[in-house]
Amino acid sequence: MGEQRQRYNEEFKKQTVRFIQEQTKTVADLAEELNIPRGTLHQWMGQYRELKYEQAASGDRVRELEAKLSELNRQLHEKEQKLSDVEEELAIVKKAVHIFSKPKN
């Protein structure tokens with residue numbers, strides 16, 4: 001006959017997800033250790049994951065993200081400058097159209 005399906009309460013699920021987040025092991029390794037299917041753990045992670053329990057990122061990853069942020073900020077600044085230039089050009093064109101569209105007497 002088939003096995004009885006294991007049921008877990010909400011608190012157990014939350015504590016398990018917190019445990020997973022605090023570990024450096026993979027979900028697959030922890031699933032094996034806890035004898036809970038990987039898919040179940042992934043489902044619980046989707047439901048109960050809280051970023052405050054995540055491991056701190058490695059120094060290399062932090063530097064990589066800082067570099068990416070710096071590059072994106074530089075690109076944003078360039079685009080803001082281009083937008084400002086285009087707005088100024090548009091204002092000049094509007095004034096020129098207004099001046100040259102007046103009827104001559």
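Author: Lys13 has its place in helix H1; helices (H or I, at least four residues) and strands (E, at least two) are DSSP runs, numbered from the N terminus. The model is predicted: local features need pLDDT of at least 70, side-chain atom pairs count only at pLDDT 80 or more, and totals for chains, interfaces and linings use all residues. Residues are numbered from 1 along each chain as its sequence is written, and side-chain values use heavy atoms, with hydrogens and water left out.

Reader: Is Lys13 buried or exposed?

Author: Buried means under 20% relative accessible area, exposed over 50% and partly exposed in between, with a 1.4 Å probe and protein chains only. The relative accessible area of Lys13 is 17%. Lys13 is therefore classed as buried.

Reader: With which residues is Lys13 in contact, leaving aside its neighbours within four places in sequence?

Author: Contact means heavy atoms within 4.5 Å. With the sequence neighbours within four places set aside, the partners of Lys13 are Tyr8, Trp44 and Tyr48.

Reader: How many helices and strands does the chain have, and in what order do the elements run?

Author: The chain has four helices and zero strands. Read from the N terminus on, its elements run α-α-α-α.

Reader: At what angle do H1 and H3 pack, and how is that arrangement classed?

Author: Two packed helices are described by the angle between their axes and the distance between the axes. Axes are lines fitted to C-alpha atoms, for helices over the stretch in contact, and angles run from 0 to 180 degrees between N-to-C directions. H1 (residues 10-22) and H3 (residues 38-48) have axes 9 Å apart and pack at an angle of about 95°. Angles under 35 degrees count as roughly parallel, over 145 as roughly antiparallel, 65 to 115 as roughly perpendicular and the rest as oblique, so H1 relative to H3 is roughly perpendicular.

Reader: Which residues of H1 and H3 make the contact, and what is its make-up by class?

Author: H1 contributes Glu10, Phe12, Lys13, Lys14, Thr16, Val17, Ile20 and Gln21, while H3 contributes Leu41, Trp44, Met45 and Tyr48. Ala, Val, Leu, Ile, Met, Phe, Trp, Tyr, Cys and Pro count as nonpolar, Asp, Glu, Lys and Arg as charged, and the others, Gly among them, as polar. By class, the residues in the contact of H1 with H3 are seven nonpolar, two polar and three charged.

Reader: Which residues does Thr16 touch, not counting residues up to four places away in sequence?

Author: Thr16 is another residue of helix H1. Its relative accessibility is 6%, so Thr16 counts as buried. Beyond four places in sequence, Thr16 touches Leu34, Leu41 and Trp44.

Reader: How does Phe12 count by relative accessibility?

Author: Phe12 is found in helix H1 and touches Ile36 and Trp44, not counting residues up to four places away in sequence. Its relative accessibility is 33%, so Phe12 counts as partly exposed.

Reader: How far apart in space are Ile20 and Leu41, C-alpha to C-alpha?

Author: Ile20 lies in helix H1 and, at 6% relative accessibility, counts as buried. Leaving aside neighbours within four places in sequence, Ile20 is in contact with Val27, Leu30, Leu41 and Met45. Ile20 and Leu41 are 21 residues apart in sequence, and their C-alpha to C-alpha distance is 8.8 Å.

Reader: Where is Asn35 found, and what is its phi near?

Author: Asn35 is in the loop between H2 and H3. Its relative accessible area is 67%, so Asn35 is exposed. Asn35 is a residue other than glycine with a positive phi, near 60°.
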